[in-house]
Amino acid sequence: MSKLLHIQSSPNLDGSITRTLSDEFVATWAASHPETEVETLDLARDPVPHWGPDAIRGFMTVEGQRTPAGQAAVDLSEKLIQQVEAAKILVIGCPMYNMSMPTQLKSWIDHLTRAGRTFKFTGQGQYKGLIWNKKAFVILSRGGDYSAPPASAADFQEPLLRANLGLIGITDVTFIRAEGQRLQEAPTYIEKARETIAWIAG
Ligand SMILES: Cc1cc2nc3c(=O)[nH]c(=O)nc-3n(C[C@H](O)[C@H](O)[C@H](O)COP(=O)(O)O)c2cc1C
């Protein structure tokens, strides 16, 4: 069995583009890779809490000296990291919110990103990711079309996701984009995304 972890992050539970397309990706992948075991993490239905003072203190305190709340925050982080480590394939559905990603997804990434656990510093401003051998597919959607300048300069969704995943070692990342969902051409962009999904996952 090969585990595929499907992460949904759109808070829109009624007709979300990224939910629909990433579901289609996972169904197509599972049909063409029958050994796949799918696990879903729905960050809108089951959100990861934002870091608060307890979590920060917990992360910055060594084992054995943490408060119960600090230990609980580290335990949650550990559970989420191990869920990623157990998977071979990650499929992430991500709408653009205010030029970046929904807070639900950012909070999950924050819990995965722990110095000494999922990455280590190797020199001045240098780091090494410690989660290896993963393949990630990110299905993005946004209201505008950010595929070319000048709009691409305001795309803090794809570059940030690439940098965040890269920091912890997930460097093999393919982005599938449904651009322009608030534009007239939205159906054409969906069609293009579907063709890409069929090509990659089929
Ligand atoms: C709160 C909110 C913020 C958004 N911010 C942006 C944005 O900054 N740029 C953009 O092009 N679209 C923006 N959109 C549009 C969504 O990215 C777009 O509708 C996307 O297809 C939603 O994906 P979903 O249907 O999977 O939730 C925003 C939508 C919402 C609800």
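A: Here is a walk along that helix, then out into its neighbours and loops. This is a predicted model, in which local features need pLDDT of at least 70 and side-chain atom pairs count only at pLDDT 80 or more, while totals for chains, interfaces and linings use all residues. Residues are numbered from 1 along each chain as its sequence is written, and side-chain values use heavy atoms, leaving out hydrogens and water.

Let's start with α5, which spans residues 158-167; helices are DSSP runs (H or I) of at least four residues and strands (E) of at least two, numbered from the N terminus. Its buried residues are Glu158, Leu161, Asn164, Leu165, Gly166 and Leu167, where buried means under 20% relative accessible area, exposed over 50% and partly exposed in between (1.4 Å probe, protein chains only). An α-helix has 3.6 residues a turn, so residues three or four places apart point the same way. The cover over the buried residues of α5 includes strands β3 (89-95), β4 (119-123), β5 (126-129), β6 and β7 (173-178), along with helix α4.

Just past the end of α5, Gly169 takes a positive phi of about 105°.

Now follow α5 back to the loop between β6 (135-141) and α5, where you will find Arg142. Arg142 is buried, at 2% relative accessibility. Not counting residues up to four places away, Arg142 touches Met96, Asp155, Gln157, Glu158, Arg177, Ala178, Glu179, Gly180 and Gln181; of these, Glu158 is one of the buried residues of α5. An unreviewed UniProt entry places a "binding site" feature at Ser10, Ser141, Arg142, Gly143 and Gly144; such annotations may be inferred rather than shown by experiment, and positions follow the numbering used here. Pro150 sits in the loop between β6 and α5 as well, and a cis peptide bond joins Pro149 and Pro150, with omega about 0°.

Next, turn to α4 (residues 103-112), which packs against α3 (residues 68-85) at about 95°, with the axes 8 Å apart. Axes here are lines fitted to C-alpha atoms over the stretch in contact, with angles from 0 to 180 degrees between N-to-C directions. On the α3 side the meeting residues are Ala73, Leu76, Ser77, Leu80, Ile81 and Val84, and on the α4 side Trp108, His111 and Leu112.

Thr113 lies in the loop between α4 and β4 and is buried at 17%. Its C-alpha atom is 8.6 Å from that of Ser77, 36 residues away along the chain. Setting aside neighbours within four places, Thr113 contacts Thr118, Phe119, Leu167 and Ile168, and Leu167 brings us back to the buried residues of α5.

Most residues other than glycine have a negative phi, and most peptide bonds are trans. Here, phi is positive, near 50° for Asn98 and near 70° for Met99. Asn98 is exposed at 78%, whereas Met99 is partly exposed at 39%.

Note on methods. Contact means heavy atoms within 4.5 Å.
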